Amino acid sequence: MLLSRRQRWRRWRRSRPFWGGLFAILAGAWICVLPLAPLKVMLQQGVAGIPSVLMGIVMVVLGLTAWFSPSQRALAGVLTTLIATAALVLSNLGGFLIGTLLGIVGGGLMFAWQPYAAQRAGGAAPGPDPAADPAAVPGAVPGAVPASNDAPAPVGAPVTIPVTAPAPPRGASPPPTPHSDPQGAQP
């Protein structure tokens, strides 16, 4: 029972930008709590403390958004970074720099996070397997048996021969692409 809870927690945590959201929530809480500190600790008080509370609440909401809606992570990361930078000016030096630094790191982690992808052998995407499906190979004839140097093809079976385009004649200019101008003008 305990092992399954731990596995579920680990799976949930890895399926979203957890650490970026956590840093954003901590930054928002730090910036939001400072206006409630005693007057001797504060640099600004009164109406100037309202932006601190608002920015802190928005940063907490953005951190929760990254947790519960990972598809919005890029927007949440950019907004968290911008609000953390604005807090430097508007909110007691961004929570005495701690809130700003936590917000910038959290926003960067949210923006940079990518969904988990299965590890591939050799780091490249696997191509089509000609033995499993010969029709998946480009230029293959449907129903044809792939040519192999190891064993001869069965008698009467069509053999797949790769087809290549003929090379253009020497000195010929390449055909125009959609981005080139035949007059030579720059776009």
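Colleague: Does W19 count as buried, partly exposed or exposed, and at what relative accessibility?

Modeller: Please keep in mind throughout that this is a predicted model. Burial is read from relative accessible area, where under 20% is buried and over 50% is exposed. W19 has a relative accessibility of 48%, so W19 counts as partly exposed.

Colleague: What confidence does the predictor assign to the protein as a whole?

Modeller: The mean pLDDT is 77, and 63% of the residues reach 70 or more. Confidence is lowest in helix α5 (residues 92-96), with a mean of 80, and highest in helix α6 (residues 98-112), with a mean of 95.

Colleague: How many helices and how many strands does the protein contain?

Modeller: There are six helices and zero strands, and the pattern along the sequence is α-α-α-α-α-α. Of the 187 residues, 24% are buried. As for contacts between residues at least 6 apart in sequence, 65% of them join residues at least 24 apart.

Colleague: Let us return to the aromatic residues. How is a pair of rings described?

Modeller: A pair of aromatic rings is characterised by the distance between the centres and by the angle between the planes. Centres within 6.5 Å make a pair; planes under 30 degrees apart are stacked, and planes over 60 are edge-to-face. By this rule there are eight aromatic pairs here. In one of them, the ring centres of W9 and W12 are 5.5 Å apart and the planes stand at 25°, so this pair is stacked.

Colleague: Where do W9 and W12 lie?

Modeller: Both are in helix α1, three residues apart, which is about one turn of the helix. W9 is partly exposed because its relative accessibility is 41%, and W12, at 25%, is partly exposed as well. F18 and W19 form an edge-to-face pair, with 5.0 Å from centre to centre and 80° between the planes. F18 has a relative accessible area of 10% and is therefore buried, whereas W19 is partly exposed.

Colleague: Which residues do the ring pairs link into a cluster?

Modeller: The cluster consists of W9, W12, F18, W19, W67 and F68.

Colleague: What does R16 touch, leaving aside residues up to four places away in sequence?

Modeller: R16 touches A66, W67, F68, P70 and W113 on that basis. R16 lies in the loop between α1 (2-14) and α2 (18-33), and R16 counts as buried because its relative accessibility is 13%.

Colleague: How does one check the length of a helix, taking α6 as the case, and what span should its 15 residues have?

Modeller: The expected span is 1.5 Å times one less than the number of residues. For the 15 residues of α6 this gives 21 Å, and the end C-alpha atoms are 21 Å apart, so the two agree.

Colleague: Which residues of α6 are buried?

Modeller: The buried residues of α6 are G99, T100, G103, G106, G107 and M110. They cover an arc of only 135° around the axis, and therefore lie on the same side of α6. L101 and A112, on the other side of α6, are exposed. The buried residues of α6 pack against α2, α3 (50-68), α4 (73-90) and α5.

Colleague: How many residues form the largest nonpolar core?

Modeller: Twelve residues form this core: A24, A27, I31, M55, M59, L62, A66, A76, I83, A84, A87 and M110. At least two of its residues come from each of α2, α3 and α4. A84, for example, touches M59, T100, G103 and I104, again without counting residues up to four places away in sequence.

How values were computed
Residues numbered from 1 in each chain as written. Predicted model: local features only at pLDDT ≥ 70, side-chain atom pairs only at ≥ 80, totals over all residues. Heavy atoms only, no water. pLDDT = per-residue confidence, 0-100. Helix = DSSP H or I, 4+ residues; strand = E, 2+ residues; numbered from the N terminus. Buried < 20%, exposed > 50% of the residue type's maximum accessible area, 1.4 Å probe, protein only. Contact = heavy atoms within 4.5 Å. Phe/Tyr/Trp six-rings, centres within 6.5 Å; stacked < 30°, edge-to-face > 60°. Arc of directions from axis to C-beta. Core = buried A, V, L, I, M, F, W, Y, C linked by side-chain atoms within 4.5 Å.
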